[in-house]
Amino acid sequence: MGVDIIEVDFHVTKDGVPVALHDDNLRRMTNANTLVYINEITWAQAKKYTLEDGMGNTGTPYILTAEDAKVLNSLPTYVANVGTAKAGGTMPISRFDSILELVDKQAFLLMDKITTADSFAHAYVCAREWDMVEYVVFKGNYNLSQLEPWFDAGAELWNKKSPSDPVTVEEVKTSISFEYNNNKPANIQKLLDAGIRVLGLAAGVSDSNEDHIRNTLVPYCREQGIYLRCNTGDPSYMGANAKVDCEIGWADLFDIGYTGVMTDRPGPLVNYIQERYRIRSASDRIDAEHFTNFNQDTFGFTVPEDWN
């Protein structure tokens, strides 16, 4: 499809099963009619609740299509832990191992809602079990002293589960990637200097900080080789200054210098990006290819290897 990163909201059940769930409880996203907190129930209990349609809280269950059922039944982790999916049926919240199996190194996973060393450790171990640590990006705004207990917990949990294949704290630290949610390059540089891999930077834009984005963050991200992205969406939940989630907002962000957009409309955004760079001049497109680390032969033209 052309989507580089998929956000996953991460939680862990009482018995240590990593799942994808936006909230810390099941009330809004499923048919639970009370506050059922995901960390207070087991996976066996959690899978009895079914997802609701849209953004939840609708009272309408999400009904599987034939294509949905086909995809789910192609995943051994889903069939083993949930059962056979059927068109016209419902489904529970997703386990993280099924998401890893589905994505299969075709995109990065941006991990949100991870705020403790324990949840980080479970995410790290699950990703390592699927050989996808390098495809998992942890989202947050943390300094090194906050992250060090995470690295300790990741190594401890992995070594407990896989003593024949031990990992050091340093190996955990240097194998994972972060997206930093802060608009101060000095803070990011401290992580980079400590050997932390920062893959990208998320920063909102408004009239008051657009000059800072253009003149400070854009050049810094280009120099460091990290992406710069912004959310777009409904101002009711993205804030009054949010760029609208359509071509007008996307155009503004790319003109400012952003290289990534978080959207609720991935299909239209991908189509817009493809059209935007097709109609530009060859020199502009070559610069865009290099700037955003696209493949050299994207859209049918080639850049010599030594230009990259």
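Student: Over the ring of which residue does the charged end of Arg 95 sit?
Tutor: A charge sits over a ring if NZ of Lys or CZ of Arg is within 6 Å of the ring centre and within 35 degrees of the ring normal. Here the charged end of Arg 95 is over Trp 43, 5.3 Å from the ring centre. Arg 128 likewise lies over the face of Trp 158, at 4.7 Å from the ring centre. Ground rules: this is a predicted model, where local features need pLDDT of at least 70 and side-chain atom pairs count only at pLDDT 80 or more, while totals for chains, interfaces and linings use all residues. Residues are numbered from 1 along each chain as its sequence is written, and side-chain values use heavy atoms, with hydrogens and water left out.

Student: What joins the side chains of Asp 97 and Arg 95?
Tutor: A polar contact of 2.9 Å. That term means a pair of N or O atoms within 3.5 Å; within protein, one must be able to donate a hydrogen and the other to accept it, and residues adjacent in sequence count only if both atoms are side-chain atoms.

Student: Is Asp 97 buried or exposed?
Tutor: Buried means under 20% relative accessible area, exposed over 50%, and partly exposed in between (1.4 Å probe, protein chains only). Asp 97 has 12%, so it counts as buried. Asp 97 belongs to helix 4 (residues 96-103); helices (H or I, at least four residues) and strands (E, at least two) are DSSP runs, numbered from the N terminus.

Student: How many aromatic pairs are there?
Tutor: Rings of Phe, Tyr and Trp (its six-membered ring) pair if their centres lie within 6.5 Å; planes under 30 degrees apart count as stacked, over 60 as edge-to-face and the rest as tilted. That rule gives ten aromatic pairs. One of them is Phe 120 with Phe 138, tilted, at 4.8 Å centre to centre and 55° between the planes. Phe 120 is in helix 5 (residues 117-129) and Phe 138 in strand 5 (residues 136-140), so the pair ties together parts 18 residues apart in sequence. Phe 120 and Phe 138 are both buried.

Student: How many disulfides does the structure hold?
Tutor: A disulfide is a covalent bond between the sulfur atoms of two cysteines. The test is a pair of cysteine sulfur atoms within 2.5 Å, and the structure holds zero disulfides. As for individual cysteines, Cys 126 is buried at 6% relative accessibility, whereas Cys 246, at 26%, is partly exposed.
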